[in-house]
Amino acid sequence: MRAVGTCLALTLGLLCVAEFGTRTFIGSPSNAVFHPVLGSTQLPNRMSVNGRAGFSRFMTNAHGLNDEDPSPDAAQRVVVLGDSFVRAIEVDRAQNFTSLVEQRLTGVEVMNTGVAGFNPTLSAVAFRELPESYAAQLVVLVVNAEDVTDMQNDGFELVRDPLGAVVDITYVRHPPGALRWKLAPILRRSAVVTDVLRRFNAPVREFVARFRAAATFRPAEPPVKVEAPPRLSDADLADATEFVITGIGERAEVVVLFVPLATFHAGARTVFDPRSEHARAVFGAAAQRAGVPFLDAGPALAQVYADTGEPPVGFHNVTIGVGHLNAHGHEAVAKLLAHELEPRLQRAGR
Amino acid sequence: MIFTSADFVIFFAIVLGAMAIVRSTRGRQAILLVASYVFYGWWNPWFLFLIAGISTWSWVLGEALVRAKTNAMRRVAMWLSVTGCLGALAFFKYANFTVENVNLLVGSSVSIGDILLPVGISFFTFQSLSYNIDLYRGRIEPCRSLWRYLLFVSFFPQLVAGPIVRASEFLPQLEREIRFTAANFWIGAQIFLIGAVQKVLVADSVSPFVDRIYLEPALYSAGTLWLGLFAYGIQIFCDFSGYSLMAIGIARILGFELPENFRLPYISRSIAEFWRRWHITLSFWLRDYLYISLGGNRGGPSKTMRNLKITMLLGGLWHGASWNFVLWGALHGGALAVHRIWRGWIEKQSFPARVPGALRHGTAWALTLLFSLLAWIPFRSPSWATTQLYLERLVFADGGVMWVPPQVVVCLAAVIVWHVVAVFAPQGLRFMPTTRPWAPRPFAAIVGILLLFALFLPQSRSAFIYFQF
């Protein structure tokens, strides 16, 4: 009996140490809140730690975003829409490009509304749901190569008129009863459980698939994988993006910022991912048809690497030269964006 | 099927279940033989014919050797066995390499097609060879049962990556009852867990860093390359040592004892000591069956040096058909020869006695460590050009990207602490493995390890390095 008690006490003690260590160095308990269209949003006013790629501690604002609440005194406001590249939890808030642009443009408030996993169509929904306090003179829609894949997987449908023009987008509605949301009360309290479930999700699924396959003497995967044709054509993707830009454009002037994926090599050589070329063509066409400027951050990122020898993406605790923008990358993007936005904001009434 | 895969978990559960149901030793041996062939065939069933063929060839010639009436006949049987085993190894492992080099030398373009390297061929051919050579030398009794012999060669825990088990170590275990006990289970499970920590938590955590560094050394600063040098040192050690421990643990659960394969090689104070601690079953195999067969140290200093160099060159080549491995073997062979000359000279001098022991031992340890780490560069590099570039940039790198991954630094620190404790306070590590894992210290260690697995399991697991050999 005493041995059982000792073992239990030891286990509890070690779990407490693990919980403390995880919250301090790896990541916070889950902040996710169910949303029927967006899939999930983030809890407001929560202190979070991200140590999985880069490292930062940040407090979400009243809308679950990685920024301060909008100031009623701001003379002008820019809202930046996008995914994890914009949310930028890998660097301190003061180092992300939205904060850096704000520092460069005096009197302008730049709001970071990025949410991981979003694509332009979801960003448009999130933008519509932002309260009036986020009203802006200018909206920057940030897109990247991952967005093409995300849009293909997202399941939304384009509604076209008889002439083929997109008149609406119908979104997939997520079921609230998924296991993830049933476990949410536990996940919000334990960083260890959040981290373990996040890491073991894919291996456990694979294990179950292989176990089932072994039990039924069937291979776990077909010997030859047949590549399914993409759900949406490039024209569909460009139409959807154009529709989104036009919708946002009814409330504010829009600038599209493209952040390509690239790898950085010896001899100051930058190699852009082929998916980026594809995404650049799709989103570039959409911006052109919507009549809004299309900024490509690729040359700026390549230049900062050539000048400093420091890759603008990647972090010490994952991989240098691959992944999200690091402080060098944010600096380069901020410089480019501020240069583009300044005259537009001046024209808009500064 | 690697030990950390879902396939192996299912496979091993079935084997354990069958072993628990069948009580007779013969029945259990039959289960293990079938399981070993399923394990090997999982990778490529066609190569079952190869392992069965080599095993049978070796056993039949062993029988012929035992029954031969003259020494000449015994010698013929032994050489036929050696030729068969080495012939298979040479064909599958070195044929393409040989043809490529002949093509380069004479400017021809002969091709024999891509020959698939059977997993573990270097290990099971060496085990078969040791049986026939030991029989010839009269050191072991012949194995009268072909089935037992097939199990000795194919025993799945050590089949594809060692430790290399000799007939004298394993066949006697097949003569006695297979003990399937709780004590063996607890001990084996803990040895497996310790191995898994080394392989999965340490080796697999540093592997992505090492892979990128060796992919493009020109990109990184000298500091990062030095970190990469240490990182690969701990990766290959923990990968191989961890996998060996997992094999030893699995065998123990099944009631078998396999020989130790690593004994903290990086604490060695000479390169000779390094080889008594690194891949012990291979280095002792090379010593007993190659170095001694070449004459060992019986023919005077120059022949001893020659034998050392030949042994290490072939030891390098054993790791793979590449000039990089030959270079690695040559470096170690050269170092062993230099160490032998040095030792002979220093023993005649009086001044070493005046140098403080800590300084003497510390210098010897640092030089040995530095050499063994530097020698891994050709071993790991994909080409000679990469080796050159890496070595150049270690010393002359100007600029480059500084990348210091904290997980690599933590793994390095953990390995250093482990070695320091093992050397200066070994009693601190002696609480595991134990037959009483619920005692506070081992229980805390096991729960702690499981938590570390839960929190730090690398997202991608690299294949076991020595599979390719």
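This note describes the cores, the chain interface and the salt bridges of a predicted model.

1. Basis of the note. Residues are numbered from 1 along each chain as its sequence is written, while chains are lettered from A and ligands numbered from 1 in the order in which they are written. In this predicted model, local features need pLDDT of at least 70, side-chain atom pairs count only at pLDDT 80 or more, and totals for chains, interfaces and linings use all residues; side-chain values use heavy atoms, with hydrogens and water left out.

2. The largest nonpolar core. A nonpolar core is a set of buried Ala, Val, Leu, Ile, Met, Phe, Trp, Tyr and Cys residues joined through side-chain atoms within 4.5 Å; buried means under 20% relative accessible area, exposed over 50%, and partly exposed in between (1.4 Å probe, protein chains only). The largest such core has 124 residues, and those touching the most other members are A:Val78, A:Phe97, A:Leu257, A:Leu341, B:Tyr266, B:Trp278 and B:Trp376. Helix H10 (residues 222-253) of chain B gives the most to this core, namely ten residues. Helices (H or I, at least four residues) and strands (E, at least two) are DSSP runs, numbered from the N terminus.

3. Neighbours within four places in sequence left aside, A:Leu257 is in contact (heavy atoms within 4.5 Å) with residues including A:Phe97, A:Val140, A:Leu295 and A:Val333.

4. The interface. Contacts join 32 residues of chain A to 29 residues of chain B. The two chains bury about 2500 Å² between them, 68% of it on carbon and sulfur atoms; buried area is the accessible area (1.4 Å probe) that two parts lose on being put together, summed over both. On the chain A side, A:Leu14, A:Arg199 and A:His316 lose the most area to chain B, together 22% of what that side buries.

5. The rule finds zero salt bridges between chain A and chain B, a salt bridge being a side-chain nitrogen of Lys or Arg within 4 Å of a carboxyl oxygen of Asp or Glu. The elements of chain A that give two or more residues to the side touching chain B are helix H1 (2-26), helix H8 (191-215), strand E11 (262-265) and strand E15 (320-325).

6. Salt bridges in chain A. Over all chains the structure holds 28 salt bridges. One of them joins the side chains of A:Arg160 and A:Asp236 (2.7 Å, N to O). A:Arg160 lies in strand E8 (residues 157-160) and A:Asp236 in helix H9 (residues 234-249) of chain A, so this pair ties together parts that are 76 residues apart in sequence. A:Arg160 is partly exposed, at 32% relative accessible area. Both residues belong to a network of salt bridges that also links A:Asp239, A:Glu242 and A:Arg289.

7. A pair within one helix. A:Glu340 and A:Arg344 meet in a salt bridge (2.8 Å, N to O). They are four residues apart in helix H12 (residues 327-347) of chain A, and therefore separated by about one helical turn. A:Glu340 is buried at 19% relative accessible area, and A:Arg344 is buried at 16%.

8. A salt bridge in chain B. The side chains of B:Arg144 and B:Glu63 meet at 3.1 Å, N to O. B:Arg144 is exposed, with a relative accessible area of 51%, whereas B:Glu63 is buried, with 7%.
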